[in-house]
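Q: I'd like to learn how to read the features of a protein model. Could you take me through some of them?

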Amino acid sequence: MQRTPPEPPDNDAMPVDPDMMPPTDWVAQSREDTIEAEAQSLPVLPIRDVVVFPGTVMPLVFGRERSLRALRRSRSEDALALLVAQRDPEKDDPCPEDLYEVGTIGRCLQALELPDGTLRGVFEGITRVRIVDFLQVNPFMEALVEPVVEVHPEQSPRVEAVKRRTLEELEEATELSRRIPPEALVTAFNIDDLGQLADIIVSCLDLSLDERQALLEEPDCARRIHTTARHLREELRILRLEEEMRMRVEDEMESSQREYYLREHLRAIQDELGQNEGALGEAWEYRDRIEAAQLPESIEEAALEEVERLERMPMASPEVSTVRTYLDWIIDLPWSTATEDQLDIDRATEVLDADHYGLRKPKERILEFLAVRQLVSDVKGPILCFVGPPGVGKTSIGQSIARAMGRKFIRVSLGGVRDEAEIRGHRRTYVGAMPGRIIQALRRIGSSNPVFMIDEVDKIGADFRGDPSSALLEVLDPEQNEAFSDHYLEVPFDLSQVLFIATGNILDTVPPALQDRFEVIEFPGYIEEEKLQIARDFLVPKQRDAHGLTGRDIRFHETGLRTLIRHYTREAGVRNLEREIASICRKVARKVASGDDTRAEITGDAIEDILGPRRFTWGAARERAGIGVATGLSYTASGGDITSIEVSVVDGSGELMLTGQLGDVMKESAQAALSYVRSNAEELHLPRDFFSEHDIHVHVPSGAVPKEGPSAGAAIGVALVSALARRAVRSDVAMTGEISLHGKVMQVGGVREKVLAAHRAGIASVLLPEENRTDMEDREQFPTEVFEDLDITYVSEMNEVLERALLPNDEQD
């Protein structure tokens, strides 16, 4: 029987708890006093989510106005009404089309009107009827009904076998389920009619409304009992599974409780005997810690095995300390402890911008990761690799990323590491064995999803003890690191939620297999404008606060900062710049401590008084045009600069001399430029025998500085033509580009730094390869005045370069 709590007054004709009603027989005692065979009219009571079968008793509650009128009408006459289910239980005011065609005539045995206006009663199902027509809808529904003629099978051994098997299954289901009342089983055993038996059984099963209604509408008793038996067998199968699960849980609980009771009993005995100070006492302590740590099931089993080993060991055994250490590591690791990610992209943007100026690409990548985490909760952490020169913010931005995401941050430096055990740990058979640095760091930070920075990954070594970079392959592979196995732990640890960030200065020394795991983000060196912004917004306030100074004590002017950047530091990052600012702050702090309250104005002129003579100089544009001297653009780790290419022609035998500590690639560029000039001597108005009678000397100043790369090819070609043709080169033109034997000007790198160096040196016109046009399209990476002050021309042939770089013959000095 369905047992549900009473519904609110606006819900109508729902089953109620029989315990709230006066005692009634579960089933009608007799079905002989049914209605006449001819059609008759009855008030209609729509009911929801329930079907009343003939021969059963059902408590119902009514609250809708039309239902209450119909119920009062039936009680005033013969207490008979038509109980018919709604097709849509959610409809509050059903019309005739919303009701099924077949229902059950019910007799109201008991009724109770409540103060809230609802009426609760007990109805006995009498017989099936079919609605012929609705006589009225208001003030209550009344319908003309006719009995459903049932087809009863003849008595046979087959029919008897079906009945007996169904009763056996009902008896077993009654024992397994509380939903089937024992009274239903007693009634079923006393019924000979298969149709009545099916009605009794189906009223006890948990079937859908459609399934119940289909059985109510079935006139063939044989089909009805077969369908009912099928539903009963399905219910019995579910009940058997529930019972099996219940028994299994009870057995596990009994075993667990029994084990707990025995252990507590044993502990009490040990306390009485004073034996709780040895290994057994420690074992109890470890068991309590393991239970409190809530370890994963497989890890907990491994830990408990070690505890059992500890219990069997004598205290003098050297293995005791080894097991203790292992258990401490297992328990203290953050198996399920993690910080909750802060996925507010706007806040993360504010944090990243507040901590670092520029660095657009790494910031965008982290914000993209947070955006994906908002849409997909289970995302494996990316493996990022920041590559760039020292001092550009690779390590510090990792801390900002952790703060923006709300995660903990930990850094491990692998520079100079040569032992594989530093990554994977030592096996416990060795004396003094420990886990690797990865596991140690996670235990120290206490979180399973930190931002984990592996610093100096390009400086990992290898020797007879193994290759640490090979051990990193599993750590830094998102498809494998969810089950990272440390040699010491010998149980898998999930690293898939860790955000790994590797850093290095170059990728050449990183093995290709390890590079394949990385998502490489390059950190270019800072340009002068970026250094100026960083110094103004970050370095100066930081050092001023670190030295106890205020804005009233010291003020850095833009000219002072530019002088520091240009003439006292030469680097890609800002570390030395910060040191020089700190040096100035120390000198000012000394004055303040001596009682001098005059504010120090740090201008360009004041820098030399404080720090001494300038240490570095940057190339500047030549004041006048010259023969055999071209201005090239170079790119170094500390940024861009202009470079003079000098060519001198002397009597000789056609030898090419190259000086200035040039690398092999730059020497080949000079030879290619000379070959181009010689092959085009006629077009350049040069005598053919000139080269066999003269030697050519190409020199690049700053001979102590090594120089390399193909980008000086165009400048060398211009200088050669200038020296051989005696045509001056414009002093306000600088160029870069690789030269081919046929005079093609090809793509080079470091264009941004080179263009900014030209602007800083006062160059008016820059010649760039046509293939580098795309490098200049992102104007956000340049100060606006660059495009205002510079005339940038894109060339693809050497004759275009010569036309723009050389002065016409009529303008020669």
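This is a predicted model: local features need pLDDT of at least 70, side-chain atom pairs count only at pLDDT 80 or more; totals for chains, interfaces and linings use all residues.

Q: Which residue does E150 form a salt bridge with?

A: To read a salt bridge, look at the gap between a side-chain nitrogen and a carboxyl oxygen, which has to be within 4 Å. Here the partner of E150 is R224, with the closest N and O atoms 3.5 Å apart. The two come from distant parts of the chain, 74 residues apart: E150 sits in the loop between β7 (142-147) and α2 (157-176), while R224 belongs to helix α6 (residues 221-273). R224 has a relative accessible area of 1%, so R224 counts as buried.

Q: How many salt bridges does a search of the whole structure find?

A: The search finds 44. One of them joins the side chains of R128 and D199, at 2.5 Å from N to O. This pair also links distant parts of the chain, as R128 is in strand β6 (residues 119-136) and D199 is in helix α4 (residues 194-202), 71 residues apart.

Q: What does the salt bridge between E601 and R555 tie together?

A: First check the distance: the closest N and O atoms of E601 and R555 are 3.9 Å apart. Then look at where each residue lies: E601 is in strand β16 (residues 600-602) and R555 in strand β15 (residues 554-556), so the bridge ties together parts 46 residues apart in sequence. E601 is partly exposed, because its relative accessible area is 31%. R555 is partly exposed as well, because its value is 39%.

Q: Which residues are linked in a network of salt bridges?

A: The network links E528, E529, R536, E558, R562 and R566.

Q: How much space lies in the largest pocket?

A: The largest pocket holds about 1100 Å³ of space. It is lined by 36 residues, and P524, E530, R752, E753 and Q781 are the closest to its centre. α17 gives the most to this lining, with 5 residues. By class, the lining has 16 nonpolar, 9 polar and 11 charged residues.

Q: What about the second largest pocket: which residues lie nearest its centre?

A: S634, T636, D641, I642 and T643 do, out of 34 lining residues. About 810 Å³ of space lies in this pocket. The largest share of its lining, 7 residues, comes from β18.

Q: Which residues make the nonpolar surface patch of about 290 Å²?

A: V372, L375 and V376 make it. Take V372, which lies in helix α11 (residues 360-375): its relative accessible area is 40%, so V372 is partly exposed.

Definitions and conventions:
Residues are numbered from 1 along each chain as its sequence is written. Side-chain values use heavy atoms; hydrogens and water are left out. Patches are made of residues with over 30% relative accessible area and no salt bridge: like charges are joined within 9 Å, nonpolar side chains (Val, Leu, Ile, Met, Phe, Trp, Tyr) within 5 Å. Accessible areas come from the Shrake-Rupley method with a 1.4 Å probe; for residues, only the protein chains shown count as cover. Helices (H or I, at least four residues) and strands (E, at least two) are DSSP runs, numbered from the N terminus. Buried means under 20% relative accessible area, exposed over 50%, partly exposed in between (1.4 Å probe, protein chains only). On a 1 Å grid over the protein atoms alone, a cavity is a set of points where a 1.4 Å probe fits but cannot get out, and a pocket is an open set with protein on both sides within 12 Å along at least five of seven lines; lining residues have an atom within 4 Å of a point. Grid points are joined across faces, edges and corners, and a volume is the space filled by probe spheres set on the points. Ala, Val, Leu, Ile, Met, Phe, Trp, Tyr, Cys and Pro count as nonpolar, Asp, Glu, Lys and Arg as charged, and the others, Gly among them, as polar.
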